[in-house]
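Come along and follow the entries in order.

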Amino acid sequence: MDKQKQLYIKEAFKKIETDLTDNQLWQFERYYELLIQKNEVMNLTAITEFHDVVQKHFVDSLMIQKLYTPKGEEYWLDLGTGAGFPGIPLKIVYPNLKILLLDSLNKRVKFLQEVIEELGLSGITAVHGRAEELARKEEYREQFDCCVSRAVANLAVLSEYCLPFVRVQGCFIPYKSEKIQEEVKGAEKAIHILGGRIERQEEFLLPDSDIYRCLLLVKKEKNSPKKYPRKAGTPSKEPIR
C-alpha cells in the first residue's frame with residue numbers, strides 16, 4: 001500500500017464529488033499496479049504515468065455522473081472495454097452494479113478476469129466475443145439497462161453495435177474525446193432506426209486540465225430491428241446514413 005498514491009486518488013475523486021472508502025482506494029491503487037505490470041507484456045494502454053492514469057482513465061470513467069447516476073442493481077454492458085474502462089472503475093465506485101465487460105481480444109479478457117479476482121469484485125464478468133454475434137443471442141439482446149463504451153468508433157457505427165443490447169427505456173452512453181457535432185448529425189438517422197433518441201449531450205474538461213470530453217445520453221425508445229447489428233465489418237464499411 002502506498003499512502004501517497006491513495007491520497008492522490010482520494011483527492012482526484014473528491015474533485016468530482018466522489019468519496020472513496022479505504023477499500024476502494026486500495027482497489028484503484030492495485031488496479032493501477034496490475035495494469036502497468038501487464039502493459040509490459042501486452043498493449044493495454046499508452047497512458048502509463050500514475051497521475052495520468054488516475055485522471056484520464058479512472059476519473060474519466062466516472063464523469064458519466066454528469067449525465068446519469070447508476071441506480072442500485074442495474075445491469076450494464078461495457079462494450080469494447082479494452083483494459084477495463086469505464087467498467088471496472090464504475091464497478092469499484094458503484095459495487096451494486098451488475099456489469100458485463102465485452103472485448104474481442106481474448107488476452108485482454110484474461111487480464112480483466114485477473115483484475116476482477118485480485119480486487120475481490122463480484123457481479124462483474126469479462127466475456128470474449130464480438131458485438132455483432134453476441135447482440136443476436138437471446139441472453140444478451142436488449143437485456144441491459146445501460147451500455148457504455150469508450151471505444152474509438154464513429155457514433156453511427158458504435159450505435160449499431162451498442163443499441164441492440166439495450167432494453168427499451170434503457171440507455172446508451174458513449175464517451176467521446178473530440179468535438180462531435182458533425183458526428184452527432186451524421187448518426188441521428190442510425191440512432192433513430194435502432195430505436196434510440198439523443199436525450200442529452202454534456203461537454204466538459206477533465207478536472208485541472210484542458211482535456212476535452214463529451215458524453216451523450218441516448219435513450220432507447222423502441223426495439224432495434226432484428227437485422228441489426230449487421231455482420232462483422234459491415235457497420236464500419238457502410239454506416240447507416
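**Entry one: a pair of helices.** I began with helix H1 (residues 3-14) and helix H3 (residues 50-62), whose axes come within 10 Å and cross at roughly 40 degrees. A reminder to myself: this is a predicted model. I then looked up the hand of the crossing, and H1 passes H3 in a right-handed one.

**Entry two: who meets whom.** Which residues of H1 meet H3? I found Lys5, Tyr8, Ile9, Ala12 and Phe13 on the H1 side. Across from them, H3 brings Phe50, His51, Val54, Phe58, Val59 and Leu62. I sorted the residues of this contact into nine nonpolar, one polar and one charged.

Next I traced an open sheet of seven strands, with mixed pairing and the order E3-E2-E1-E4-E5-E7-E6. Its edge strands are E3 (124-128) and E6 (196-205), each of which pairs on one side only. From one strand to the next, I noted a twist that averages 20 degrees.

I picked out strand E5 (residues 166-176) and strand E7 (residues 212-220), which run antiparallel and are joined by four bridges. Here I found Phe172 opposite Val218 in E7.

**Entry five: helices on the sheet.** Which strands does helix H7 (residues 155-162) touch? I listed E1 (75-79), E4 (144-149), E5 and E7, and the direction of H7 makes about 145 degrees with that of E5. Helix H8 (residues 181-193) also packs on the sheet, touching E5, E6 and E7. I noted about 160 degrees between the direction of H8 and that of E6.

Definitions and conventions. Residues numbered from 1 in each chain as written. Predicted model: local features only at pLDDT ≥ 70, side-chain atom pairs only at ≥ 80, totals over all residues. Heavy atoms only, no water. Pairing = 2+ DSSP bridges. Helix = DSSP H or I, 4+ residues; strand = E, 2+ residues; numbered from the N terminus. Axes fitted to C-alpha atoms, helices over the stretch in contact; angles between N-to-C directions. Contact = heavy atoms within 4.5 Å. Left-handed = near helix turned anticlockwise from the far one by under 90°. Nonpolar A, V, L, I, M, F, W, Y, C, P; charged D, E, K, R; others polar.
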